[in-house]
Amino acid sequence: KKIVVWGVDSNATVLRDKDVSLYEKLRKEATVDVKAVRNEYEGAQLIVSASVDTDYIITLSDLRDENGNVFSKDNITAYHCKYALVQNNIEKYWDLGVGYYPNALVPFEAIKNYNENKIEKGNNQTLYFVFFVPKDQVAGIYKGSITLDFNGDKRDIPVQIKVFDITLEDENHLRSLFLTDWEWRADIKEPSFKDYHGYTEVLSDFRLGVYCLIPYQYVEKDLPNMYKKHADIAYEYAINPRNTTYGIPYLYYVQSFEEKGLCEEPFVKFIKALIDKTFETGANILKKAVAHFGGLIDEPNGQGTLDRMAFMCTQYRRIVKELSQYVLDNKETYLKIYPAINSNFVEEVATTVAKIPHIITAHYEEEYDKYAWSNIVIKEAELKAKKYIKKINITAILCFLISTIIIIIGGTML
């Protein structure tokens with residue numbers, strides 16, 4: 001056939017310009033088979049390999065179980081995959097080398113509106129499908145089909161989704177942090193707040209944490225207005241129970257690998273704005289905040305920045321400790337400004353600030369142990385214990401000497 005449709009696992013990587021024979025171990029029948037619980041998103045993909053140029057149309061249909069219950073097509077979204085050219089594959093991923101790797105997933109309806117629903121001769125095209133199971137969906141096995149039309153050559157692809165009698169709660173407890181500030185990879189000069197909101201919404205659907213809630217270009221060029229704006233966006237993000245994690249913005253300070261440190265004032269002001277928003281709303285949005293200075297100490301072993309990492313770990317701990325004390329020192333002021341909060345809440349926020357996680361990405365090495373927060377706490381406790389023991393020992397020696405002197409004096413007197 002001039003058009004071949006085949007299946008692979010939902011997480012498989014199929015390059016656009018590689019021969020199908022490279023994927024024999026991954027290749028499956030052209031079917032979509034999904035298993036999910038209620039209130040969950042689940043994905044599946046099909047690959048179209050074309051030996052001729054062709055347009056294509058995707059038609060979704062309702063699915064039904066044996067009792068006539070319907071899984072609506074409105075809960076299925078089709079995507080067209082875009083590709084990125086990799087010209088230097090340093091990771092040797094799956095030994096596939098260089099080529100066009102799958103990248104952005106664009107809703108098929110948008111692709112069709114822009115007349116980009118085309119597959120060129122000799123290319124593979126990934127079609128991705130996302131299923132959302134509503135909370136009220138009846139458990140069961142639903143079957144139907146998705147129709148692919150290649151210029152009149154229609155293929156009905158069997159589809160099945162098994163819905164388990166389990167409902168996933170809205171509240172999420174799994175923390176993660178996905179980078180959303182890589183627009184430079186796509187040569188985007190001026191990313192918008194709308195773009196970042198879109199990134200955040202998609203990640204939220206899949207219960208994934210977001211690194212940047214606002215574009216870093218605006219942090220740099222409109223800093224005075226970004227503190228409150230970020231806090232406002234962080235509040236809307238944090239009250240969504242699906243969301244667990246967001247990154248606190250920061251500015252670069254170092255200009256070379258020899259320099260150390262974080263530009264403290266803006267970072268402190270971003271946290272203070274989050275503190276004010278927490279007291280204003282009564283929602284402790286700081287519980288979902290993390291610090292990750294990826295531009296300064298990301299993968300420090302590979303970047304040769306272990307010294308900078310050590311410096312910044314100490315710097316960061318000092319900053320959050322001081323901010324925690326700042327909250328406590330201003331307790332009475334906060335209670336007057338925000339009458340809905342109480343003393344316990346202020347103390348809770350102070351504790352939260354002191355424990356905002358500091359994320360450093362690196363593979364494990366013993367060298368990192370001495371920088372780990374838990375180990376530092378242990379080391380500090382050990383140090384205090386040693387000082388305490390030393391005091392006890394000195395006291396014991398003094399007591400022994402005094403007792404000896406008394407005994408000697410007493411013996412002499414006798």
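1. Basis of the note. This is a predicted model, in which local features need pLDDT of at least 70, side-chain atom pairs count only at pLDDT 80 or more, and totals for chains, interfaces and linings use all residues. Residues are numbered from 1 along each chain as its sequence is written, and side-chain values use heavy atoms, with hydrogens and water left out.

2. Overall content. The protein has eleven helices and 15 strands. Of the 414 residues, 40% are buried (under 20% relative accessible area with a 1.4 Å probe, protein chains only; exposed is over 50%, and partly exposed lies in between). The protein exposes about 23700 Å², and carbon and sulfur atoms supply 54% of that area (Shrake-Rupley method, 1.4 Å probe).

3. Contacts along the sequence. Taking contacts between residues at least 6 apart in sequence, 73% join residues at least 24 apart. Contact here means heavy atoms within 4.5 Å.

4. The five-stranded sheet. An open sheet runs in the order β1-β3-β11-β8-β9, with antiparallel pairing; two strands pair if DSSP finds at least two bridges between them. β1 (3-8) and β9 (99-107) each have a single partner strand and stand at the edges, so one side of each lacks a neighbour in the sheet. From one strand to the next the twist averages 30 degrees (axes are lines fitted to C-alpha atoms, and angles run from 0 to 180 degrees between N-to-C directions).

5. Strand β11. This strand covers residues 124-133, and nine of its ten residues are buried. Its antiparallel pairing with β3 (residues 40-50) extends over ten bridges, and Val48 has Gln125 as its bridge partner in β11. With β8 (residues 76-86), β11 pairs over five bridges, again in the antiparallel sense.

6. Nonpolar cores. The largest core has 54 residues, among which Tyr246, Phe267, Phe279 and Phe293 touch the most other members. At least two residues of this core come from each of α2 (193-205), α3 (216-221), α4 (223-238), α5 (264-281), α6 (294-297), α8 (306-329) and α10 (343-354). A second, separate core of 31 residues includes Val32, Ile76, Phe108 and Val163. A core is a set of buried Ala, Val, Leu, Ile, Met, Phe, Trp, Tyr and Cys residues joined through side-chain atoms within 4.5 Å.

7. Phe293. Setting aside neighbours within four places in sequence, Phe293 has contacts that include Tyr211, Tyr250, Leu262, Phe267, Met312 and Tyr316. His358 and Ile359 are also among them.

8. Helix α5. The 18 residues of α5 reach 26 Å from first C-alpha to last, close to the 26 Å expected at 1.5 Å a residue (1.5 Å times one less than the number of residues). Its buried residues include Phe267, Phe270, Ile271, Lys277 and Phe279. The buried residues of α5 pack against α3, α4, β14 (246-247), α8, α9 (331-337) and α10. Gly282 follows the helix and has a positive phi, near 75 degrees.

9. Glu220. This residue lies in helix α3 and is exposed, with a relative accessible area of 52%. Glu220 and Leu251 are 31 residues apart in sequence, and their C-alpha atoms are 7.3 Å apart in space.

Conventions:
Helix = DSSP H or I, 4+ residues; strand = E, 2+ residues; numbered from the N terminus.
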